[in-house]
Amino acid sequence: MTTNRIFIIAHAPLAHALRQCVLHVFPDSGDGIVALDVQPNVSPEETLASARIILQQQRGAGTLVLADVFGATPCNVAQRLVDGVRSKLVCGVNLPMLLRTVTYRHESLDALVSRAVVGGTQGVMQVAITAPQNQARKKHDPDDHDHQQ
């Protein structure tokens, strides 16, 4: 079965850093994930040309393009790159989104877009600091030991 490819386009060095994070968790997924760091001294036209070469080299059911910030150069380049059929674009890439897409890249491209958005939004949350080991110890606390489960 052919799986979808993932193409990360982001401000340098974020694209390659995210790819490296994914390879840390999924070391065998390297062939299906490519990255393009958008450099500040390279024109959008040159970046688009590089992105087209990378996209043409992709072999798979489809390509999910993940960009960092909507309205910024990486996203603008990606919008000109994707066709909406064999390639789709999601902006706001983060590590939870990327890990979710790698996990489900065998699904249809449309399903993968949904997985990416859900993974990205569910990965953003406020974390309450309520664990006993994170609370300041009161001077009169007779228990000198942190109890961890």
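Start with the open sheet: 4 strands in the order 2-1-3-4, paired in parallel. The model is predicted.

**The edges.** Select residues 33–38, strand 2, and residues 87–91, strand 4. Both stand at the edges of the sheet. Each has a single partner strand, so one side of each is left without a neighbour in the sheet. Neighbouring strands are turned by 20° against each other on average, with direction ignored.

**The strand 1 and strand 3 pair.** Select residues 5–11 and residues 63–67. These are strand 1 and strand 3, joined in the parallel sense over 5 bridges. Then pick Phe-7; the residue opposite, in strand 3, is Val-65.

**The helices across the sheet.** Next, show helix 3, residues 73–81. Helix 3 lies across strand 1, strand 2, strand 3 and strand 4. Its angle to strand 1 is about 145°.

**The salt bridges.** How many salt bridges does the count come to? There are 2.

- Select Lys-88 and Asp-110: their side chains meet in a salt bridge at 2.8 Å, N to O. Lys-88 lies in strand 4 and Asp-110 in helix 5 (residues 109–122), so the pair ties together parts that are 22 residues apart in sequence.
- Select Arg-115 and Glu-107: the closest N and O atoms of this salt bridge are 2.9 Å apart.

Stay on Arg-115 and colour by accessibility. Arg-115 has 27% relative accessibility, so this residue counts as partly exposed.

Definitions and conventions:
Residues are numbered from 1 along each chain as its sequence is written. This is a predicted model: local features need pLDDT of at least 70, side-chain atom pairs count only at pLDDT 80 or more; totals for chains, interfaces and linings use all residues. Side-chain values use heavy atoms; hydrogens and water are left out. Two strands pair if DSSP finds at least two bridges between them. Helices (H or I, at least four residues) and strands (E, at least two) are DSSP runs, numbered from the N terminus. Axes are lines fitted to C-alpha atoms, for helices over the stretch in contact, and angles run from 0 to 180 degrees between N-to-C directions. Contact means heavy atoms within 4.5 Å. A salt bridge is a side-chain nitrogen of Lys or Arg within 4 Å of a carboxyl oxygen of Asp or Glu. Buried means under 20% relative accessible area, exposed over 50%, partly exposed in between (1.4 Å probe, protein chains only).
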